[in-house]
Amino acid sequence: MPGTEKFGKEELKEVMDVMNTGILFRYNHEAQRNNIWKAKEFEEEVKKITGAKYALAVSSGSAAIFAALVSSGVGYGDEVIVPPFTFVATIEAVIMAGAIPVFAEIDETLCLSAEGIEKAITPKTRAVCLVHMCGGMADMSGILEVVKKYNLILVEDAGQAFAASYKGAYTGLFGKAGSYSFDFFKIATAGEGGVLVTNDEHTYKMAEYFCDHGHNHEGNNRGMEQHPVIGFNFRISELHAAVGLAQTRRVPEIKQINQKNKKYLQDKIKSAVNEITFSRLPDERGDSATFMNLMMPDTASAKAFVEELNKKGIGGFNYWYTNMYHFINQWDHIKELKFPNKMPIHYQHKSQDYRNLHLPKSQEVIGRLISFGIRVSWTEEEMNNLANNIIECAKIALSKKMYV
Ligand SMILES: Cc1ncc(COP(=O)(O)O)c(C=O)c1O
């Protein structure tokens, strides 16, 4: 993944700035910190890329989506429409907020569709937690119409889509609040980290308090702050923020190379195998291009393709349908609501039976999908080799008797 391919002296410098002060905590200690504020700088860099009015760096993307939901006012008894294709953190965050996930259909964008959302609406629907998957973006125009029509709160989990945009506006900023992940597998990494973004001052303030035990940070008197709300510790450390800062500065360049490498591969594959298509990007120019998302004609041919790739020892891809915990087929613990303790969700009325969900479109789309991570460090020769291997494996898979 791009971020991790690009560790260098820039990351080291930012980390050493922090080590030299000895202040690893993001708040206070003005006298000792020699004006080193890496979390704040990291937030400024994220704002520069996305145009967000407010950004709050936190300990993980999971914390960021949880805080985004809570600070947007989503809570007990609210139904929140979610996709069946996402990292489990999205669903966990809804449940931890005391709300009730309602699964709706995705489409070839790999994200919730406007039609899917509308069909899942009930009188208890309060919000949509839209997830921008695999470096791309949802088809926002139709989704925004539905959100407006039913007066819903829109929260975006852009955990996998930092720096992706739709018609010039960045993911995470179409609704009340959004989140990015900077874990180890993203376009830029902080090691562990996340950022919450919003254009709404009240939502930002709630998030800021919520992510630091409800502390009001106006003033220097740590330990004797006002507490406008109850919160918890989701703070990022200055060390993680330092890495995130250096990495975020690299993102415009990484995005450009990703797009170039992705196009090179896709053009080669497209011209050689007619049957292969790609996930739909509502705005191709806004793609962060961290993944090339191949779509086979059906689940059977996708499985045969995966088998050929494995036989040939080709790595670097995900078949989410069966091999990854990003798809609902692997979420028995969520379907059975297995927690170590009793949670609000166990006592709430649920409009869906999670064990018997009917999501045929999502099953069809993810059954066909095979995603390759794009690398910034690829040489032309490496890309040619990969494209040739993909073409060869796809042709073998497609030529098997059942597909001719
Ligand atoms: C869509 C999505 N949301 C949330 C997360 C959680 O981010 P983190 O691993 O930083 O907690 C991820 C992580 O991969 C993700 O892909």
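**View 1. The C-alpha centres of domain 1 and domain 2 lie 24 Å apart.** The model shown is predicted. Domain 1 covers residues 2-251, and domain 2 covers residues 253-402.

**View 2. Contacts link 41 residues of domain 1 with 41 residues of domain 2.** On the side of domain 1 that touches domain 2, the elements giving two or more residues are helix H1 (2-5), helix H5 (89-96), strand E3 (100-103), strand E6 (165-166) and helix H9 (238-272). E3 gives the most to this side, with 3 residues. Sorted by class, the side of domain 1 that touches domain 2 has 23 nonpolar, 8 polar and 10 charged residues.

**View 3. An open sheet is formed by 7 strands.** Their order is E1-E9-E8-E5-E4-E2-E3, and the pairing is mixed. Strand E1 (54-58) and E3 stand at the edges; each has a single partner strand, so one side of each is left without a neighbour in the sheet. From one strand to the next, the twist averages 25°.

**View 4. Strand E2 (residues 79-82) and E3 run parallel.** The two strands are joined by 4 bridges. Val 80 stands opposite Pro 101 in E3. In general, strands of a sheet pair through backbone hydrogen bonds, either parallel or antiparallel.

**View 5. Helix H5 packs on the sheet.** H5 touches E2, E3, strand E4 (125-131) and strand E5 (153-157). The direction of H5 makes about 175° with that of E2. Both H5 and E3 also give two or more residues to the side of domain 1 that touches domain 2.

Notes
Residues are numbered from 1 along each chain as its sequence is written. This is a predicted model: local features need pLDDT of at least 70, side-chain atom pairs count only at pLDDT 80 or more; totals for chains, interfaces and linings use all residues. Domain bounds come from an automatic or database domain assignment. Two residues are in contact if their C-beta atoms, placed from the backbone, lie within 7 Å. Ala, Val, Leu, Ile, Met, Phe, Trp, Tyr, Cys and Pro count as nonpolar, Asp, Glu, Lys and Arg as charged, and the others, Gly among them, as polar. Two strands pair if DSSP finds at least two bridges between them. Axes are lines fitted to C-alpha atoms, for helices over the stretch in contact, and angles run from 0 to 180 degrees between N-to-C directions.
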